[in-house]
Every structure is written in C-alpha cells, then in structure tokens.
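Subject: Structure handover

Hi,

Here is the structure we talked about. My notes follow below it.

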Amino acid sequence: MPAPSDTPLVGIVMGSRSDWDTMQHAAVKLDALGVPHEVRVVSAHRTPDVLFDYAAGAEARGLRAIIAGAGGAAHLPGMLAAKTPVPVLGVPVQSKALNGLDSLLSIVQMPGGVPVATFAIGQAGAINAALFAAAMLANEQPQIGAALAAFRQRQTDDVAGNDDPRQ
Ligand code: RP5
C-alpha cells in the first residue's frame with residue numbers, strides 16, 4: 001500500500017476567483033476523502049500562458065486528474081484537455097446571464113479526440129467531480145478507496161434512516 005503523501009494528486013483550477021463559491025465544494029469533498037490536492041485560478045482568456053504552463057507541467061508534477069471549473073464561455077477545461085494527457089473533469093459554473101447552460105455546452109461539446117468528462121452545473125457538479133477523481137484513485141490508493149466506500153455507506157444510511165419525509 002503506497003504511503004500517504006502531501007504531493008497533490010488532483011488539481012482544482014477555475015477561471016476566476018468568482019468560481020470559488022462553486023469549486024470550494026470539490027475541495028471540501030477531496031479534503032474529506034483525504035485526497036491531496038491543490039487549488040489555482042487559471043483563466044483561459046485572461047492568463048492563457050499560465051494555462052499552458054499549468055497543463056505542460058501537470059503530468060510531471062504527479063497530478064492524476066484536473067478538476068476544471070469555468071462559467072460562460074468556459075474554455076478552460078477544453079484547453080487544458082488539449083494540452084495535457086491528465087484526465088480533465090469539467091465543472092460548468094452557473095453563470096448569471098444563462099444559468100450555466102452556456103458553461104455546460106462550452107464544456108461538454110468537445111470535438112471527438114479531446115475528451116473532457118463533464119459534470120452537472122454548479123455545486124452538484126463540483127462535488128461529483130471530486131468523488132469521481134477519488135474513484136479514479138481508489139484502486140492504487142487504498143486509503144482513498146476506503147474513505148470513498150465509507151462516504152457512500154454513510155450517504156446510504158442517512159437516506160435509509162430518514163425515509164419518512166414528514167419527520
Ligand atoms: C469565466 O468567466 C470564469 O470561469 C467565470 O465563471 C466567468 C466570470 O468571471 P469574472 O468576470 O467573475 O471574473 O472565465
């Protein structure tokens with residue numbers, strides 16, 4: 001069993017600080033599951049060179065997945081996927097103008113050959129991207145697999161133990 005390490009295995013990136021309200025939910029979930037991760041603002045449009053540098057170094061730094069959140073013309077996940085072999089999990093941030101439909105379509109409609117695994121708009125997508133990243137790591141990192149299994153069991157028990165909505 002590999003020793004737990006603080007070296008980030010997952011990168012959480014977002015197009016703007018304003019995306020943190022959504023993306024913090026991914027960080028909270030990774031923290032809860034004991035998945036070492038880092039968090040950065042990387043804008044496809046305002047700091048494109050930073051995006052390219054981040055993508056270029058991601059694999060060599062040991063990142064096993066990148067959770068990328070962006071809103072509106074949400075090009076960050078797709079451009080990362082174009083520049084790194086590390087799997088990119090895209091989170092459409094709920095935009096003010098179009099409620100995140102613009103974000104969703106910008107992220108999900110990738111051309112064949114450059115995949116981005118796209119999650120739900122907003123908080124649910126951020127949480128599920130973190131759970132998915134943990135699942136990707138579970139086989140090789142048994143402590144992460146155990147934390148994920150325990151979370152799923154708690155979730156099941158919570159629902160099963162509160163099955164009368166009147167109470
Ligand atoms: C995108 O534009 C960001 O991902 C963010 O969701 C959106 C708005 O950014 P701000 O104008 O709030 O910085 O690039």
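Leaving aside neighbours within four places in sequence, which residues is Ser 16 in contact with? Two turn up: Val 41 and Ser 43. Bear in mind throughout that this is a predicted model.

**Ser 16 and Asp 19**

Ser 16 sits in a loop. That loop runs between strand S1 (10–14) and helix H1 (20–33). Asp 19 is found in the loop between S1 and H1 as well.

Ser 16 has 18 other C-beta atoms within 10 Å, so it counts as partly exposed. Buried would take 20 or more. Asp 19 has 25 C-beta neighbours inside 10 Å and therefore counts as buried.

Asp 19 has its own list of contacts. Not counting residues up to four places away in sequence, it touches Met 14, Gly 69, Ala 70, Gly 71 and Val 93.

**The ligand shell**

Ser 16 and Asp 19 are both among the residues that surround the ligand. Sorted by class, the shell has seven polar residues, two nonpolar and one charged.

**What the record says**

The UniProt entry is unreviewed. Its "binding site" annotation covers Ser 16, Asp 19 and Arg 46. These positions are spread over 31 residues of sequence, yet they cluster in space, with a largest C-alpha distance of 14.4 Å.

UniProt (unreviewed entry) places "domain: PurE" at residues 8–159. Over that stretch the chain is 49% helix and 16% strand. The end C-alpha atoms of the stretch are 32 Å apart.

**Helix packing**

H1 packs with helix H5 (residues 123–138). The angle is about 30°, and the axes are 7 Å apart. The crossing is right-handed.

Who makes the contact?
- From H1: Thr 22, Met 23, His 25, Ala 26, Lys 29, Leu 30 and Leu 33.
- From H5: Gln 123, Ala 126, Ile 127, Ala 129, Ala 130, Leu 131 and Ala 134.

The residues of this contact divide into ten nonpolar, three polar and one charged.

Best wishes

Notes:
Residues numbered from 1 in each chain as written. Predicted model: local features only at pLDDT ≥ 70, side-chain atom pairs only at ≥ 80, totals over all residues. Near = placed C-beta within 6 Å. Nonpolar A, V, L, I, M, F, W, Y, C, P; charged D, E, K, R; others polar. UniProt positions renumbered as here; feature names shortened; annotations may be inferred. Helix = DSSP H or I, 4+ residues; strand = E, 2+ residues; numbered from the N terminus. Buried ≥ 20, exposed ≤ 12 C-beta atoms within 10 Å, placed from the backbone. Contact = placed C-beta atoms within 7 Å. Axes fitted to C-alpha atoms, helices over the stretch in contact; angles between N-to-C directions. Left-handed = near helix turned anticlockwise from the far one by under 90°.
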